[in-house]
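Here are some friendly notes for your next look at this model.

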Amino acid sequence: MKIWIDGKLLPEEEAKIGVLDHGLLYGDGCFEGIRVYNGRIFKLQSHLERMWQSAERIRLDLPFTHEVIADAVRETVEVNGVTNGYLRLVFTRGVGTLGLHPFLCPKPSVFVIADTIKLYPPELYEEGMKIIVADRPRIPRECLDPQIKSLNYLNNILAKIEAIDAGVLEALMLNIDGWVSECTGDNIFVVKDGRLSTPPVDAGILDGITRRFVMNELCPALGLPIEERMMRLEEVLDADEVFLTGTAAEVIGVSRVDDHVIGGGGVGSITTRLVEEFRARTSENAPEN
Ligand code: PMP
């Protein structure tokens, strides 16, 4: 595998980040996970915009333009012969001193990895996925805005460990005021009486690119009404259908939350229509914008 790192394509063994890089020492940096479908980079522009937004919010100035990074992403996909896979784009603060001071790191690093992807097991897409509600709340926006897709994912990882300990793969996180926010690596939607809802960015979530694709493109195409609104856990438990969205997960139905069976306990009909529409749109000319 070849990795694009700071302007060069290097063999995997030679692509290195220093031990004094603040991305490693402090999680000071940001990243994007991006899918490749049929050689097309799904929603590349949206991912680049979000990446730059994350970088600006942590005051990380890059020595590369949008175009250079877009070309780097395409080059990495091509040279590794990835037609269907997953990309990881990472900006780190760069090498500095042992103190926190970010501006003593003179040169940020950028790297791009293009690889295959391990999805949730296929049977979960058929039967629905079981999730739990994490005890640990999502970190408040005032402390670390989840809109910054930073290299510090420990809030999510600790909730993910709760899920793994409970024998499932995903955990729903509430915010500190008890409102539904998002899962550790996926956004959440509920369906009640044919109407879809999802928590707003104000609930303290990452504004997922798959979430926006579902809200702004798939729902209108299928004539499904969708709104963003604050919701309590009870609304998730009482929903007819619950599904999650994410770059890796795509669209996946939820059959149980803790001990509560959702709807009929399988994947609901609206979720199924969305999964099919998602697959149809990514199987041929996956939109790059
Ligand atoms: N929330 C969190 C915390 C995530 O890490 C992700 C995945 N990156 C998502 C939601 C889903 O976002 P997207 O659709 O952009 O992958």
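1. Around the ligand there are 17 residues, and Lys149, Tyr153, Glu182, Thr210 and Thr247 come nearest; a residue is near if one of its heavy atoms lies within 4 Å of the molecule. Please keep in mind that this is a predicted model, where local features need pLDDT of at least 70, side-chain atom pairs count only at pLDDT 80 or more, and totals for chains, interfaces and linings use all residues. Numbering starts from 1 along each chain as its sequence is written, and side-chain values use heavy atoms, with hydrogens and water left out.

2. Which polar side-chain atom lies 2.6 Å from a nitrogen atom of the ligand? That atom belongs to Glu182. An oxygen atom of the ligand has a polar side-chain atom of Thr210 at 2.5 Å, and a polar backbone atom of Ile209 is 2.7 Å from an oxygen atom of the ligand. Polar contacts here are pairs of N or O atoms within 3.5 Å.

3. Taken alone, the ligand exposes 390 Å², of which the protein buries 95%. Such areas come from the Shrake-Rupley method with a 1.4 Å probe.

4. The open sheet has 6 strands in the order β2-β1-β6-β5-β3-β4, paired antiparallel. Its edge strands, β2 and β4 (40–41), each pair on one side only. Strand β1 (residues 2–5) is joined to β2 by 4 bridges, with Ile3 opposite Leu10. Pairing requires at least two DSSP bridges, and strands are DSSP runs (E, at least two residues) numbered from the N terminus.

5. Val19 sits in the loop between β2 (8–11) and α1 (22–26); helices are DSSP runs of H or I with at least four residues. Val19 counts as exposed because its relative accessibility is 63%, the cut-off being over 50%.

Terms used. Buried < 20%, exposed > 50% of the residue type's maximum accessible area, 1.4 Å probe, protein only. Polar contact = N/O pair within 3.5 Å; in protein donor to acceptor, adjacent residues only side chain to side chain.
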